[in-house]
Amino acid sequence: MAIRNIRKYPDPVLSKECKKVDKMTERISILIEDMLDTMYEAGGVGLAAPQVGILKQICVVDISEDCSEPYVLINPVIVESDGEQTGDEGCLSLPGKQGTVTRPNHVVVKALNENMEEITVEGTELLARAFCHEIDHLHGHMYIEKLEGELKNTSYEAQE
Ligand code: NI
């Protein structure tokens, strides 16, 4: 288990486009394990590779209370989205802040898993929000670009 340093906004690595992963390597496999450890340690519901300084299209998401439902998404693409939800969002790269963002209420994501197998995953509400937020990171985007109103201070640490 290794906890990686989470890059904080405005670190330039957070605004770069990430490269697709074409094959699984020992290095990437370790990266994914470290990303899960780092996300859980930080109390987040998602983490994208650029947040640990790696410009690859890899993100992890787990919205469960007990860290039991990890999603590992490699080269993820949103193939369907519908509905709308407006709510507060935060980011481990911008600790202590949150802001209101509108996202689709339901998304279908195609990706590869940690075994480089094609998967299709689906999320509604918080899970849809987390998928959108993390996939945005892989293309150099932060939620603050989509902010409705002011960035607010938050007292709790649970962030995406
Ligand atoms: Ni984030």
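**Ground rules.** I number residues from 1 along each chain as its sequence is written, and side-chain values use heavy atoms, with hydrogens and water left out. Since this is a predicted model, local features need pLDDT of at least 70 and side-chain atom pairs count only at pLDDT 80 or more, while totals for chains, interfaces and linings use all residues.

**Entry: the nickel ion.** Which protein atoms hold the nickel ion? I found Cys-91 (SG), His-133 (NE2) and His-137 (NE2), lying 2.1 to 2.3 Å from the ion. Donors here are N, O and S atoms within 2.8 Å of the metal (3.2 Å for Na, K and Ca); water is not among the atoms, so sites may look incomplete. I wrote their spacing along the chain as C-x41-H-x3-H.

Next I checked where the two histidines sit. His-133 and His-137 both belong to helix H2 (residues 125-137), 4 residues apart, or about one turn of the helix. Helices (H or I, at least four residues) and strands (E, at least two) are DSSP runs, numbered from the N terminus. Both His-133 and His-137 are buried; buried means under 20% relative accessible area, exposed over 50%, and partly exposed in between (1.4 Å probe, protein chains only).

**Entry: helix H1.** I then turned to H1 (residues 26-42), which has 17 residues and reaches 24 Å from its first C-alpha to its last, close to the 24 Å expected. The expected span is 1.5 Å times one less than the number of residues. Its buried residues include Ile-28, Leu-31, Ile-32 and Met-35. What do the buried residues of H1 pack against? They pack against strands E1 (46-48), E2 (58-61) and E3 (71-82), with contact meaning heavy atoms within 4.5 Å. Just after H1, I noted that Gly-43 takes a positive phi of about 75°.

**Entry: cysteines.** How many disulfides are there? Counting pairs of cysteine sulfur atoms within 2.5 Å, I get 0 disulfides. Cys-18 is in none, and the nearest cysteine sulfur, that of Cys-59, is 9.6 Å away. Cys-18 is buried, with a relative accessible area of 4%. The sulfur of Cys-67 is too far for a bond, because the closest cysteine sulfur, in Cys-59, is 17 Å away. Cys-67 is partly exposed at 40%.

**Entry: strand E8.** Of the 6 residues of E8 (residues 148-153), the number buried is 0, so this strand lies largely in the open. I saw 3 bridges joining E8 to E5 (residues 97-103), running antiparallel; strands pair if DSSP finds at least two bridges between them. In this pairing, Thr-100 stands opposite Glu-148.
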